[in-house]
Amino acid sequence: MTNHVPIIALDGPSGSGKGVVANFLSTQYEFHLLDSGALYRLVGIAARRTSIALENLPLDEAVLGEIARSLDVAFTSTNNPEDPLEIMLFGEQVGHEVRTDEAGVDASRVASLPAVRDGLFELQRSFRQAPGLVADGRDMGTVVFPEADVKIYLTASAEARAERRYNQLIDKGIGVNLHDLFQSIQARDERDMNRSVSPLAPAEDAFVIDSTDMDIEEVLQNVKAIVTEKLG
Ligand code: C5P
């Protein structure tokens with residue numbers, strides 16, 4: 001008999017609080033954590049390192065797909081709940097660079113290419129290891145882990161998400177302007193929700209939580225109730 005490795009899939013738009021929820025659940029259940037957004041961000045960073053200008057369309061899908069397929073990344077758990085993963089790209093620590101808003105914008109550019117999504121597919125699947133996985137992203141419950149035991153789709157208004165992201169980045173010492181961030185979130189939503197491959201949308205069997213008027217404690221309580229019911 002094979003041991004079942006449970007998966008909690010957490011999807012939703014940028015700034016919806018998925019990161020905090022994912023860290024909370026992986027600590028609570030001692031599950032592995034897949035930050036799939038970081039993988040798309042790393043493809044963007046690796047592309048920039050080879051002098052690919054991601055603002056110049058059309059993008060070279062074959063080249064970017066190959067960058068995704070051959071990405072040499074290592075995630076190590078830190079014991080810091082604020083920043084739970086140390087991220088290495090080709091042996092170099094890139095944690096700070098990965099979290100910038102520019103890296104997020106580049107990520108959503110490369111993420112619209114089917115070859116990049118295919119190139120990251122197996123790597124993402126390989127994170128499913130005992131005792132379990134919390135997978136954070138946009139298409140975890142729909143495409144990468146459709147068999148997930150629990151699917152949660154976390155959302156909030158664009159204004160609320162921009163404000164949260166602003167506070168997060170300021171706390172990390174990354175300087176940003178709230179209005180620019182709001183516009184960037186709207187542009188990212190537009191790209192993520194309207195792309196032809198794996199557009200951002202809740203899985204049919206996902207629990208949807210709109211956190212616009214909730215504080216983080218309330219969100220965590222809701223999530224905990226759902227996961228406890230499903231996983232015990
Ligand atoms: O979650 P995060 O903000 O790090 O994701 C950055 C970008 O990567 C998203 O805006 C989205 O375009 C892309 N992404 C994706 N599929 C995922 C995770 C992230 O397309 N599973």
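Predicted model: local features only at pLDDT ≥ 70, side-chain atom pairs only at ≥ 80, totals over all residues.
Residues are numbered from 1 along each chain as its sequence is written, and side-chain values use heavy atoms, with hydrogens and water left out.

**Ligand site**

The ligand is surrounded by 16 residues (a residue counts if one of its heavy atoms lies within 4 Å), and the closest are Arg 41, Arg 117, Arg 138, Asp 139 and Asp 192. By class, this shell holds 8 charged, 4 polar and 4 nonpolar residues. The table gives polar contacts, pairs of N or O atoms within 3.5 Å.

| Side chain | Ligand atom | Distance |
|---|---|---|
| Arg 117 | oxygen | 2.8 Å |
| Asp 139 | nitrogen | 2.9 Å |
| Arg 195 | oxygen | 2.9 Å |

Taken alone, the ligand exposes 460 Å², of which the protein buries 97%, with areas taken from the Shrake-Rupley method with a 1.4 Å probe. Helices H2 (36-49), H5 (101-110) and H9 (178-194) each give two or more residues to the shell, and the largest share, 4 residues, comes from H2.

**Cavity**

On a 1 Å grid over the protein atoms alone, a cavity is a set of points where a 1.4 Å probe fits but cannot get out, and its lining residues have an atom within 4 Å of a point. There is 1 cavity of 30 Å³ or more, and the largest cavity has a volume of about 40 Å³. Its lining divides into 7 nonpolar, 1 polar and 2 charged residues, and strand E7 (150-155) gives the most to this lining, with 3 residues.

Conventions:
Polar contact = N/O pair within 3.5 Å; in protein donor to acceptor, adjacent residues only side chain to side chain. Nonpolar A, V, L, I, M, F, W, Y, C, P; charged D, E, K, R; others polar. 1 Å grid on protein atoms, 1.4 Å probe; cavity = no way out; pocket = protein on both sides within 12 Å on 5 of 7 lines; lining within 4 Å. Points joined across faces, edges and corners; volume = space filled by probe spheres on them.
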